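Colleague: I would like to learn how to read a ligand site and a helix pair in a model of this kind. Could we go through them one feature at a time?

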Amino acid sequence: MTRGLPPWLLAVLFVLAACAPLILALASGEPPEAVQVELGIGLGLASLALMLLQFAHSGRLETIAGRIGIDRTMRVHRSAGIALAVMVLLHPLAFVLPPLLTHPELALRGLMGMLRAERMQSGVIALVLLLVVVAASLARSRIGLAYDRWRALHAALGLAAATFAVHHALRVGLYSEAAPLRWFWLGGLALAAVALVWTWGIKPIRDGRAGWRVAAVAPLGPDYWEVALERPSRAPLPFAAGQFAWLAFGRRAPWDDNPFSIASAPGDPRLAFVIREAGDLTRTIGSLPIGSDVRVDAPHGAFVLDPRERRAVLLIAGGAGIAPILSLWRDLASRPDAGAVRLVYGAWTAERLLYREQLTRTAAEKGFGLFLRVDEGPLCAGATRGILDEAILRAAMDGLDPHRTVAMVCGPTPMMLAVAASLERLGLPPAAIRYERFDYD
Ligand SMILES: Cc1cc2nc3c(=O)[nH]c(=O)nc-3n(C[C@H](O)[C@H](O)[C@H](O)COP(=O)(O)OP(=O)(O)OC[C@H]3O[C@@H](n4cnc5c(N)ncnc54)[C@H](O)[C@@H]3O)c2cc1C
């Protein structure tokens, strides 16, 4: 089900694209300049290539995120953003490197003079915009910037920064004046703009016309809701258990949609979601009008089982992390050849252990293992007290070969880190521990 390029090919393409301007500059036949000038130019060329590549990392392009997952895609985007900001800052400094080491005051005066020159204006604007984009991303939650506003700002300022940076390269760039590099920058900028128009222009219109409506909204427990979507007279959405959808309830801006894991099994005509109240949007889920429109961009994500793998499956869920795990559990329950399946599911209180009866029934019918944990308050039938520690994971692994078991983990980040460490101690290879994160912060 997951489309997308293999990780090794993505890495090779990424490095090639980031280095392409340096290769084109080397091949231009221009006589070499002083070392500090070449260093400054090199930093400028590589950082502009990285900046343009950032537009491919929106997480919506399945060719890129389909196999590696949106979480890794976002991590690359974030790290590349920080790296390119540092490179862009070093880019002008490199030109004055020798005097900076011997006469820093003189060098800085020279640098300020250079930056004030009329022909440098677009470069300075690009630098400032880029620093604003990176700083706003790093400080978003601390400064209380709403996610949807930050997202719109991020894309708009990012594209503006890239446009000014390309203008700067074409205006003052020694190598960028020549045809191959000039077309490389213009082509890269056009592709960046196309990626944005596709993600936030064409795709939302197409997804909005797919006819999804809210079919049911029901409380599941304190802070939890089940939302079912349907589109009558259309085939079920093809997806793999564990994947997620970007949902926009009602008429929302293209950048105002939120990711939620699909909790229903593939083939089910209704799409079900388990939504925990976390902020502005999720606190209004309970009052969603039945029959209202929903924009659905799906399927996404790589938190899936490979059906060709003949392995035991250990599902581990904490809190809202039950959503994709439920889809995997339901899908495995519908397969006659599912093999050994165990679920370890923990919640803060017994009322927050969702779908208890359904899980217990399936476990009994299919012979699946079920291990329920409650942190606080009264216990419920079948649950034991405690967090998802090594003891409960060891009990769940009893009789399973760690080298022939795959673990699918979803829950709060600290829980997932602790669980992954315990599973490794229990003998699972790191590659057999897969997880889905619910936040990119
Ligand atoms: C792949 C994935 C699957 C998810 N599946 C589920 C699920 O099945 N059930 C569930 O309850 N929650 C799920 N979440 C979390 C859910 O997306 C957020 O809780 C929700 O978007 C919060 O929106 P809000 O407006 O209510 O809160 P806000 O106060 O706006 O945001 C709270 C936090 O949620 C995150 N967030 C908000 N909006 C977005 C966005 N558009 N994109 C990415 N992150 C955002 C940010 O970290 C933010 O700080 C999932 C998240 C991801 C990334």
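Colleague: Which polar side-chain atom lies 2.9 Å from an oxygen atom of the ligand?

Modeller: Bearing in mind that this is a predicted model, the polar side-chain atom belongs to Arg140, and it lies 2.9 Å from a ligand oxygen. Backbone atoms take part as well: a polar backbone atom of Val274 is 2.8 Å from a nitrogen atom of the ligand, and one of Gly279 is 3.2 Å from an oxygen atom of the ligand.

Colleague: How much of the ligand's accessible area does the protein cover?

Modeller: On its own the ligand has 880 Å² of accessible area, of which the protein covers 87%.

Colleague: Turning to the helices, how do α1 and α9 pack?

Modeller: In general, a pair of packed helices is described by the angle between their axes together with the distance separating those axes. Here helix α1 (residues 7–26) and helix α9 (residues 179–208) pack at about 155 degrees, with their axes 9 Å apart. Since an angle over 145 degrees counts as roughly antiparallel, α1 and α9 are therefore roughly antiparallel to each other, and their crossing is left-handed.

How values were computed: Residues numbered from 1 in each chain as written. Predicted model: local features only at pLDDT ≥ 70, side-chain atom pairs only at ≥ 80, totals over all residues. Heavy atoms only, no water. Polar contact = N/O pair within 3.5 Å; in protein donor to acceptor, adjacent residues only side chain to side chain. Areas by Shrake-Rupley, 256 points an atom, 1.4 Å probe, with all protein chains shown as cover. Axes fitted to C-alpha atoms, helices over the stretch in contact; angles between N-to-C directions. Helix = DSSP H or I, 4+ residues; strand = E, 2+ residues; numbered from the N terminus. Parallel < 35°, antiparallel > 145°, perpendicular 65-115°, else oblique. Left-handed = near helix turned anticlockwise from the far one by under 90°.
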